[in-house]
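Student: Can we go through this one together? I'd like to see how the labels follow from the values.

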Amino acid sequence: QVQLVESGGGLVQAGGSLRLSCAASGSIYDINGMGWHRQAPGKQRELVADWSSGGSTNYADSVKGRFTISRDNAKNTLYLQMNNLKPEDTAVYYCTINNRARGQPTARRYWGEGTQVTVLS
């Protein structure tokens with residue numbers, strides 16, 4: 001099993017910044033992707049940004065140029081730097097990790113519990 005603990009959410013004024021963190025622990029063996037998703041009230045969960053083992057990153061159009069995903073390999077920690085936040089960024093943000101356990105042929109996706117981000121206009 002893999003545990004993900006998110007932190008860094010909160011309340012911020014429009015135009016402000018927040019940095020989310022996601023610390024992974026447990027049976028981590030081969031990570032082939034990590035990412036951030038979000039879900040706003042009444043809306044479907046959507047991808048915000050992700051990182052793959054090939055080193056590529058991918059962002060939702062709505063956050064390009066404002067959000068940056070990064071990773072500290074030594075700490076198995078994923079970050080999401082969010083700048084110039086807008087009220088429409090208000091959502092619960094979830095961290096994900098695709099991890100292949102030792103001896104297993106395929107990876108499994110794990111989800112964190114989520115952290116609330118609220119942006120005031």
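Tutor: Strands here are DSSP runs of E, at least two residues long, numbered from the N terminus. Keep in mind that this is a predicted model. With that naming, N76 sits in the loop between β7 (67-72) and β8 (77-82).

Student: Where does N84 lie, and what is its phi?

Tutor: N84 is in the loop between β8 and β9 (91-100). Its phi is positive too, near 50°, and again the residue is something other than glycine.

Student: Why is N84 called partly exposed?

Tutor: Buried means under 20% relative accessible area and exposed means over 50%, with partly exposed in between. N84 has 41%, so it counts as partly exposed.

Student: How do you know that β3 and β8 pair?

Tutor: Pairing takes at least two bridges found by DSSP. β3 (residues 18-26) and β8 have 6 bridges, in the antiparallel sense, so they pass the cut-off of at least two. As one spot to look at, L18 stands opposite M82 in β8.

Student: What is the strand order in the open sheet?

Tutor: The sheet has 4 strands in the order β1-β3-β8-β7, with antiparallel pairing.

Student: And what makes β1 and β7 edge strands?

Tutor: β1 (2-7) and β7 each have a single partner strand, so one side of each has no neighbour in the sheet. From one strand to the next, the twist averages 15°.

Methods: Residues numbered from 1 in each chain as written. Predicted model: local features only at pLDDT ≥ 70, side-chain atom pairs only at ≥ 80, totals over all residues. Heavy atoms only, no water. Buried < 20%, exposed > 50% of the residue type's maximum accessible area, 1.4 Å probe, protein only. Axes fitted to C-alpha atoms, helices over the stretch in contact; angles between N-to-C directions.
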